[in-house]
Amino acid sequence: MTGPDSSVPRLSRRFPDAPPAAPVRIVHLGVGNFHRAHQAWYTAHAPDADQWGIAGFTGRRPDTADALTPQDGLYTLITRGAEGDTFELIGSLSAVHPAADHKAYLDYLGDPQIALVTITVTEAGYIRSGEGRLDQDRDVIIADLEGLDVGHADREPAFAALQILQEVFQPLD
């Protein structure tokens, strides 16, 4: 398998030193650079990392899923330092999906093996007005706010997760 320029081999779990995909136990929304450099790294370094695979879902654009899916979720983390750069193969992403893959998302949420649902919201995710408040005049915000209507909760994965969690975890009397 080769990369986009057809001359550089893509990462693959078939390579001898590549870690095998761990069973998915974490579903993560927002599998961008911050998530991969932090949560995915820590998950890969956990003593029981072979039991904690992450199914990552992108934000609004599918680019990260398009890049990571063909290489089995593997990526190289580059850490820059005064003494030079270090390169580490990270394998904690067992699956990567575009945000629009609602079926996969709902299937994971219905899986009893899923132990955690996490989310990363970075600076770009905060759409603020000039006064620093939520910019409710932006089209994407209007659409999200309309999605809060129970009849449209299937539009947004986070809302679907809340609905499923409400059904699964009943309050204790």
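The following dialogue examines the terms applied to this predicted model and the values behind them.

Trainee: How many helices and strands does the protein chain have, and what pattern do they follow?

Mentor: The protein chain contains 6 helices and 6 strands, where a helix is a DSSP run of H or I with at least four residues and a strand a run of E with at least two, numbered from the N terminus. Along the sequence the pattern reads β-α-α-β-α-β-β-β-α-β-α-α.

Trainee: Which strands form the open sheet, and in what order?

Mentor: The open sheet is formed by 4 strands in the order β5-β2-β1-β6, with parallel pairing. Its edge strands are β5 (93-97) and β6 (116-119), each of which pairs on one side only. From one strand to the next, the twist averages 20°; the axes are lines fitted to C-alpha atoms, and angles run from 0 to 180 degrees between N-to-C directions.

Trainee: What makes β1 and β2 a pair?

Mentor: Two strands pair if DSSP finds at least two bridges between them.

Trainee: How many bridges join β1 to β6, and β2 to β5?

Mentor: Strand β1 is joined to β6 by 4 bridges, and the two run parallel; here His28 stands opposite Thr118 in β6. Strand β2 (residues 53-57) is likewise joined to β5 by 4 bridges, running parallel, and Ala55 stands opposite Ala95 in β5. Strands of a sheet pair through backbone hydrogen bonds, either parallel or antiparallel.

Trainee: Why is strand β1 described as mostly covered?

Mentor: A residue is buried under 20% relative accessible area, exposed over 50%, and partly exposed in between, using a 1.4 Å probe and protein chains only. In β1 (residues 24-29), 5 of the 6 residues are buried. Of the 173 residues of the protein chain, 31% count as buried.

Trainee: What places the buried residues of helix α4 on the same side?

Mentor: In α4 (residues 102-109), the buried residues are Ala104, Tyr105, Tyr108 and Leu109. They cover an arc of only 135° around the axis, and therefore lie on the same side of α4. The arc is that of the directions from the helix axis to the C-beta atoms.

Trainee: Why is the contact between Asp107 and Lys103 called a salt bridge?

Mentor: A salt bridge requires a side-chain nitrogen of Lys or Arg within 4 Å of a carboxyl oxygen of Asp or Glu. The closest N and O atoms of Asp107 and Lys103 are 2.7 Å apart, so the pair qualifies. Being 4 residues apart in helix α4, Asp107 and Lys103 are separated by about one helical turn. Asp107 is partly exposed at 45% relative accessible area, whereas Lys103 is exposed at 58%.

Trainee: How many salt bridges does this rule give, and which residues form the others?

Mentor: The count comes to 3 salt bridges. Asp63 forms one with Arg61, the closest N and O atoms being 2.7 Å apart. Arg80 forms another with Asp85, at 2.4 Å between the closest N and O atoms.

Terms used:
Residues numbered from 1 in each chain as written. Predicted model: local features only at pLDDT ≥ 70, side-chain atom pairs only at ≥ 80, totals over all residues. Heavy atoms only, no water.
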